[in-house]
Amino acid sequence: MTHPVPAIVILGDGSLATARDIQRLLPGALIHGLSGRVEDVDVIYHEFGSTLRELYQQNTPIIALCAAGIVIRTLAPLLLEKGAEPPVLAVAEDGSAVVPLLGGLGGVNVLARDIAQGLGVAAAITTSGELRFGTCLLNPPEGYSLGDLELGKRFVSDLLGGEPVRIEGDAPWLAQAQLLQDRQAHLAIHIGSAEREPVANELLIYPKSVLVLVSAETADLADAIRQALQQAKIAVQSLACLLASDQQMASQALRDAADELGVPLRFSAAGSVSDTISGAVGAATVHSHNGITVAVAEHPLDPLLIGRPRGRLAVIGLGPGAADLMVPAVKAELARANDVLGYETYVRMAGPFRADQILHCTDNREEMQRARHAFELAAQGRCVVVVSSGDPGVFAMAAAVLEALHESSDPAWHNVDLEILPGVSASLATAAQAGAPLGHDFCVLSLSDNLKPWAIIEKRLDLAAQADLAMAFYNPISRSRPWQLGRALEIVAQHRTPETPVVLGRDIGRPGQTLRVTTLGQLTPDQVDMRTMVLIGSSTTRVFPRAEGLPWVYTPRSYGDQLLDIAKPMID
Ligand code: SAH
């Protein structure tokens with residue numbers, strides 16, 4: 001099972017050396033540095049507060065190299081809202097102090113000790129139980145779960161009061177703990193998968209050693225599973241995962257049940273389900289009831305080794321380029337990806353990636369091949385991301401991926417969890433910088449005749465210009481399409497005056513971006529290249545100076561009387 005990889009957050013160059021030392025201790029962790037203060041880091045952020053809060057809300061463990069007070073003040077507004085919290089630590093920028101702040105039940109003290117040991121200092125552990133026993137009894141290791149937190153707290157305070165304890169069951173991790181053990185003790189730590197009434201003198205810890213096979217889907221599946229466990233006298237906390245056959249992969253009922261029970265969902269080919277079970281749980285105790293089979297293993301199960309998960313394919317839009325214009329759902333998707341496919345430039349833009357993530361960079365033209373490759377990987381149970389710039393549905397990979405799926409009759413492809421995640425398209429990013437040139441009706445056209453006949457493009461340009469729509473031209477020009485833009489502008493000029501405002505955005509949201517405001521009369525194709533977005537105003541689009549820099553450009557939302565006069569000749 002994998003823990004989320006921590007983020008190391010620094011404010012300036014002074015803490016970079018310590019950040020690097022910590023990064024060496026935590027493979028995969030990325031260093032996040034404040035824009036303008038540090039350069040040589042993995043991720044640049046612009047605002048400390050919002051970055052820290054976003055990481056916290058995504059459950060990412062945080063190692064902040066700054067004063068503990070700053071971290072506390074920044075996260076304070078979020079603390080009351082949340083039950084489970086990721087580990088949060090403050091580390092002195094010179095590495096001389098490691099202070100666990102939050103996430104006691106998420107293993108913050110373990111992380112603090114590991115980091116402190118690597119830096120050659122002592123962690124500032126303040127949790128009494130940890131100090132006394134050397135481990136957090138309320139935070140059992142992976143593969144085990146605590147029965148009840150509130151009862152547990154009381155139990156630990158009794159132990160801290162000096163009472164002895166006996167251990168019932170198999171708890172290898174407690175061998176190191178400094179517990180006062182006595183076989184006759186009144187207090188007991190009980191480890192087992194059988195259902196058991198909670199009592200004050202017992203700390204119940206359940207091994208996640210139970211697998212449930214679902215062969216028939218009932219109406220309230222989670223409830224049916226709970227009942228089956230109850231009949232088998234097995235505690236629901238011991239459930240490690242649900243297993244079903246490949247044919248059930250797209251089942252919403254199964255997904256809901258797994259979510260409700262908080263366990264992973266795994267699949268196995270229909271013919272080999274029983275092999276999968278016996279491979280996972282060995283000579284297990286098995287109970288069956290109404291299409292639900294409960295198999296109890298001797299030891300905790302690792303769901304990652306049982307069958308395989310439903311594969312996922314997300315087609316994502318990076319936005320124009322700047323990290324802060326990427327939607328959070330896309331960032332989260334990139335973080336969970338096993339494989340990332342796309343045109344090399346965009347894959348690089350989507351990084352940085354961890355060493356365990358596989359990048360498949362291909363040529364921009366191999367779209368269908370890339371889409372099919374993505375399905376092949378996802379159908380194996382992998383978590384796959386196909387990247388586009390801007391929005392994936394605008395002259396980009398989403399349509400190619402859907403076309404590949406439509407053409408396929410392979411059920412494994414159709415069972416993939418496919419999702420399209422939107423991004424800020426280049427026309428919208430460019431428009432926003434200029435003002436609101438697309439503030440009224442507009443149309444979006446690609447001037448590339450690689451995938452459609454030029455005659456269609458001419459016809460659409462003519463009709464769109466006639467209809468007085470503002471226009472956004474994608475793919476306006478390239479080396480292999482040198483004359484098309486000039487011809488397009490001629491067509492538009494038949495319906496618009498030379499004063500019509502035009503916005504040119506080049507590499508918007510990327511380093512070296514440029515924005516120009518010009519007019520249709522002054523626009524020539526040599527001002528445009530394939531990295532440019534061309535926005536042509538309608539008859540009502542207006543321009544006025546702004547306090548500083550380029551003028552504002554906007555298209556009013558309504559045709560007032562005055563504007564109607566201007567527009568009339570265009571639409572008559
Ligand atoms: N899916 C992308 C568009 C891909 S088509 C999106 O939604 O933005 C590629 C064309 O988009 C380029 O030829 C250019 O016209 C435009 N484009 C893409 N990114 C751009 C950027 N950052 N700045 C200006 N234009 C851009």
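Which residues of helix α13 (residues 397-407) are buried?

Mentor: This is a predicted model, in which local features need pLDDT of at least 70 and side-chain atom pairs count only at pLDDT 80 or more, while totals for chains, interfaces and linings use all residues. Residues are numbered from 1 along each chain as its sequence is written, and side-chain values use heavy atoms, with hydrogens and water left out.

Helices (H or I, at least four residues) and strands (E, at least two) are DSSP runs, numbered from the N terminus. Buried means under 20% relative accessible area, exposed over 50%, and partly exposed in between (1.4 Å probe, protein chains only). In α13 the buried residues are Met397, Ala398, Ala400, Val401, Ala404 and Leu405. Seen down the axis of α13, these residues fall within an arc of 165 degrees, so they line one face of the helix; the arc is that of the directions from the helix axis to the C-beta atoms. Ala399, His406 and Glu407 are exposed on the face turned away from that buried side. The cover over the buried residues of α13 includes β16 (312-317), α12 (367-379), β19 (383-388), α14 (411-414) and β20 (417-421), where contact means heavy atoms within 4.5 Å.
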